[in-house]
Amino acid sequence: MATTVLENILDLARWAPSGDNSQPWRFEITSATSVTVHGHDTREHCVYDFDGRPSQISLGALLETLIIAASGYGMRAQISPRRAASDNRPTFDIDLIADPMIKASPLLPCITERTVQRRAMRMTALTLQQKTHLEAAVGAGYRVVWRESPADRARIALLLFRSARIRLTMPEAYKVHRDVIKFGARFSDDRIPDQALGLDPLATLAMRWMMASWPRIKFFNSYFGGTLLPRIELDLVPGFACAAHFAIVPAQPSHSIDDFVSAGSAVQRFWLAATREKLFIQPEMTPLIFGWYVAAARRFSTVTSLWDDAVELNRRWSSFLGAEVAGRAIFFGRIGMGSPPVARSLRLPLHILTGQQR
Ligand SMILES: Cc1cc2nc3c(=O)[nH]c(=O)nc-3n(C[C@H](O)[C@H](O)[C@H](O)COP(=O)(O)O)c2cc1C
């Protein structure tokens, strides 16, 4: 149970989103008003965590959430990245300073309400006012690129369908999916419950059975079109059933950890602003991540034929979005109205994140 102001702030901050709900952060409380955030990435075992970028984006989202949470207590969070930290362990020292100028952020109530929606959303277009609020939320240094027409949504749905075939036929991703999906669950503290994935109950059961072993998946993929149903339900349908797709694009190309951490702050402001507008978001990061592998000419799978598929996906992705947007975007997703998901990821309790005994 959180008891001090700092603990209350951390208790809210931990609701920041992270790739696969990995929560790549631990907190070391160093005084009543200071904490060190020990970040890590998952690149060693997660093929999606290209150079730790998604983890760095998640850490940026955490820091932004912490700033917003602190505003509720009239406090300014002063964040100093530790320069000596190694690349896969970004570390931040944070001091909370009482500041009469700080007013509670209007995004504060959205921190715990924000959640990913992976199922079909309404196709009602965003209003100009909603788009203006969302574009303002990312802040200076970033812009939002929209793709909204039915034809554009159909094209993106097909690209996601193509991208998902790569994802579902590589053993490297199988290992990740096996470890991050919690089967038979509506909620999970440290993973993604299967019911939050967006599959219908029968397909979920089939997936659970197939995922028991890689040879089983390979067999069904090879002879029974095993990837078809999940690709239709998880990519094709939701890719079309939304109000719009968006890319968050920085003014300058991103290279450093700082760049991706600050991108994560922009992402979280955007996502919380969407929540405030009663809109849901689902990140669609895999085409972007495969694009990073292609740009770096770095192989991501032992299945050699998948490389050509990724190159072709990236070519289509770039020709559709424009090379500059496709090459520079740090976040891609879909957005729309709808009913809230009935299943969602929860978070590790604060005493685990702080390493404190209860
Ligand atoms: C950097 C990043 C990448 C993500 N990529 C995806 C993605 O490609 N597909 C997806 O469905 N969700 C994606 N997510 C959403 C997370 O899985 C989700 O935020 C996490 O499981 C916690 O769930 P919640 O947002 O409902 O609290 C991503 C989140 C972040 C921060």
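User: Hi! Which domains is the protein chain divided into?

Analyst: Hello! The protein chain is divided into domain 1 (5-113 + 348-353) and domain 2 (128-169 + 227-340). The bounds come from an automatic or database domain assignment. This is a predicted model, where local features need pLDDT of at least 70 and side-chain atom pairs count only at pLDDT 80 or more, while totals for chains, interfaces and linings use all residues. Residue numbers start from 1 along each chain as its sequence is written.

User: Thanks. How many residues of domain 1 are in contact with domain 2?

Analyst: 24 residues of domain 1 are in contact with 23 residues of domain 2. Contact means that the C-beta atoms of two residues, placed from the backbone, lie within 7 Å. On the domain 1 side, the largest share comes from H2, with eleven residues. By class, that side has 16 nonpolar, four polar and four charged residues. Ala, Val, Leu, Ile, Met, Phe, Trp, Tyr, Cys and Pro count as nonpolar, Asp, Glu, Lys and Arg as charged, and the others, Gly among them, as polar.

User: And how far apart are the C-alpha centres of the two domains?

Analyst: The C-alpha centres of domain 1 and domain 2 are 23 Å apart.

User: Tell me about H2, then. Where does it run, and how many residues has it?

Analyst: Helix H2 covers residues 53-71, which is 19 residues. From first C-alpha to last it reaches 27 Å, close to the 27 Å expected at 1.5 Å a residue. That expected span is 1.5 Å times one less than the number of residues. Helices (H or I, at least four residues) and strands (E, at least two) are DSSP runs, numbered from the N terminus.

User: How many residues of H2 are buried?

Analyst: 19 of the 19, so H2 is largely enclosed by the rest of the structure. A residue is buried if 20 or more other C-beta atoms, placed from the backbone, lie within 10 Å of its own, exposed if 12 or fewer, and partly exposed in between.

User: Switching to the ligand: which residues are closest?

Analyst: Pro17, Asn21, Thr115, Met285 and Ser345 are the closest of the 20 residues that surround the ligand. Strand E10 (280-283) and strand E12 (344-345), like H2, each supply at least two. The shell divides into eight nonpolar, eight polar and four charged residues.

User: Where does the ligand's shell lie relative to the domains?

Analyst: Domain 1 and domain 2 both give residues to the shell around the ligand, so it lies between them.

User: Last one: what does tyrosine 293 touch?

Analyst: Tyrosine 293 lies in helix H10 and touches Phe50, Arg298, Phe300 and Ala310, not counting residues up to four places away in sequence. Tyrosine 293 is partly exposed, with 19 other C-beta atoms within 10 Å.

Terms used. Near = placed C-beta within 6 Å.
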